[in-house]
Amino acid sequence: MDIMKRVNDLCELHSISKYRLSQITGISQSAFSKMARQQSSLSVETIHRICDALGISMSQFFAESNVYPDLTPQQTQLLHYWNRLNKEKREYALLMIEKLGEL
């Protein structure tokens with residue numbers, strides 16, 4: 001598996017730029033560039049930070065198929081939006097969903 005291709009594909013899937021991924025993970029853009037040129041490899045810790053930033057598990061990262069198997073298009077769309085939220089907005093969204101579930 002080409003790890004950097006997977007990172008690029010996941011960034012595209014989650015509508016997140018490499019710049020934004022760099023900001024969220026704390027991994028410099030130059031480090032990503034070195035990894036892309038295969039002058040440096042990704043450690044498990046680096047992959048874990050990328051997964052956290054994208055809101056996916058390590059198993060989803062390494063899955064050859066859809067990142068969100070068995071989800072409807074609407075569920076996938078919700079996860080797409082979720083992944084673009086910061087921690088504060090995620091907490092707010094959860095509160096809203098909980099309240100909607102009480103109706």
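Reader: Which residues is Arg 90 in contact with, leaving aside its neighbours within four places in sequence?

Author: In this predicted model, contact means heavy atoms within 4.5 Å. With those neighbours left aside, Arg 90 touches Trp 82, Asn 83 and Leu 85. Arg 90 itself sits in helix H7, which covers residues 87-102. Its side chain also reaches the backbone oxygen of Trp 82, at 3.1 Å.

Reader: Okay, rings next. How do I describe a pair of aromatic rings?

Author: You give the distance of the centres and the angle of the planes. The count here is one aromatic pair. Phe 61 and Phe 62 make it, with 4.9 Å from centre to centre and 75 degrees between the planes. Planes over 60 degrees apart count as edge-to-face, so that's the label for Phe 61 and Phe 62.

Reader: Are Phe 61 and Phe 62 buried or partly exposed?

Author: Buried means under 20% relative accessible area. Phe 61 counts as buried because its relative accessibility is 0%. Phe 62, at 37%, counts as partly exposed.

Reader: And zooming out, how many helices and strands does the chain have?

Author: Seven helices and zero strands. Of the chain's 103 residues, 28% count as buried.

Definitions and conventions. Residues numbered from 1 in each chain as written. Predicted model: local features only at pLDDT ≥ 70, side-chain atom pairs only at ≥ 80, totals over all residues. Heavy atoms only, no water. Phe/Tyr/Trp six-rings, centres within 6.5 Å; stacked < 30°, edge-to-face > 60°. Buried < 20%, exposed > 50% of the residue type's maximum accessible area, 1.4 Å probe, protein only. Helix = DSSP H or I, 4+ residues; strand = E, 2+ residues; numbered from the N terminus. Polar contact = N/O pair within 3.5 Å; in protein donor to acceptor, adjacent residues only side chain to side chain.
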